[in-house]
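User: Please walk me through how to read the contact between two chains. Start with charged pairs, then take area and strands.

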Amino acid sequence: MSLLRRLFRAAPNPNPAPRPVRTPVSFAIHVGATFIAIYSLSALIAHNWIWYTANAGPSMYPTIASGLSYTIYSRRHKRGRNIQIGDVILFENPIFLRGKACKRVIGMPGDYVVRDPSQSPTVGGAPVPGITEVDDNDNDNDNGRVREEPTLVQVPEGHVWVAGDSLSYSRDSRFYGPVPMALIAGKALYNGDGWFSWTSFRTPQLTPVRGPGGIAKGRVKGDLPLEDTTPG
Amino acid sequence: MAPPEHPFPVSALDQRLHYRTVEFKEKSRKLGGGFDLQRDCELLELVQYSCTTPEQQYQRTLASPTGTARMECFPFVRLFRKCQEKNGKVFHVETTAWEGEHAWKPSAGTTNNDTTTATATGGIEPTAEANAFANYGNYFWARK
């Protein structure tokens, strides 16, 4: 220990330099410049590289918890740069000022997507066992109902078509139409509770079909208080 | 504000595939002769969920003593086709309503009958129903 100290000790200076004079004004300038540098660096990171946000709402329910959770999102994908179908994006909410929305990209400019009515529980009016069949049992005359022909739209240039994962709880492009790419704030990388459980969205979400009967994920059940069910 | 939409029925998808818009003008895609969506494009899937609707959830909450209701989410697989044009441009087509288990099949002979019953019961046209904003406007200005 003493050997190390002896090695790294500065050589004794025969005539040491005078201590710099630190007036209160120079001290204030020093502190102010440090704060500006810290703020600028964090703003640079938050606007161009990576940032986090707290989010809540049931519109992405099984994928993202309906209660409070935190999302780390990449700002390198802002304004829709390198966004693909299936990515979970954060964008300025078109219906609430200064609010953010978190949805999944379904269509890129020029793609064709199924146009559903707002908050429809299915896509293209397809029957879902357990959701739409219950309605059929309630009113008997609906049992022989003929399914209406679904409509498709082409996503216009410079826009993306977004949809929440929980189809009947999401206000998305089915409600406010295609979202301009200029509103996209970034692409979600991880979502979690802020502690130790995180899910990643970095792998491609749009996957090749796994063959007949190979449903990717099972059904999800969970308790949800009623106040959590307002569409987000 | 989003630009106006031009919805078209699923049965017209094969024709509409051949057009794209460049600066809001229709141009034809370079797809080559005998382009087949099922043969020439890669099939992809994306899992979303169809959960207990708010109405059903409300009924269940009223029935349960604890004030919470069990929400069930069923996976709903959306199908996509990834196609490539002759000049290398890639575009996707959502084919959930066109192929697979959720495909829409025209019921022979009953299509004419169905539209008459829909209008008789005061149902709105599918194009108007698709556009929530149009419905909102119709609340103030009645359609003639």
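User: How many salt bridges count between chain B and chain A?

Analyst: A salt bridge is a side-chain nitrogen of Lys or Arg within 4 Å of a carboxyl oxygen of Asp or Glu. Between chain B and chain A the count is one. B:Glu5 pairs with A:Arg115, with the closest N and O atoms 2.8 Å apart. This is a predicted model, where local features need pLDDT of at least 70, side-chain atom pairs count only at pLDDT 80 or more, and totals for chains, interfaces and linings use all residues. Side-chain values use heavy atoms, without hydrogens and water.

User: What area is buried between chain B and chain A?

Analyst: Buried area is the accessible area (1.4 Å probe) that two parts lose on being put together, summed over both. Here the figure is about 6100 Å², and carbon and sulfur atoms give 60% of it. B:Glu45, B:Tyr49 and B:Met71 supply 12% of the area that chain B buries against chain A, more than any other three residues.

User: Which strands pair with strand 4 of chain B?

Analyst: Strands are DSSP runs (E, at least two residues), numbered from the N terminus. Two strands pair if DSSP finds at least two bridges between them. Strand 4 of chain B pairs with strand 5 (residues 68–84) of chain B in the antiparallel sense over ten bridges, and B:Tyr49 stands opposite B:Pro75. Strand 11 (residues 207–208) of chain A also pairs with strand 4 of chain B, antiparallel over two bridges; there A:Pro208 has B:Leu44 as its bridge partner.

Methods. Residues numbered from 1 in each chain as written. Chains lettered and ligands numbered in written order. Helix = DSSP H or I, 4+ residues; strand = E, 2+ residues; numbered from the N terminus.
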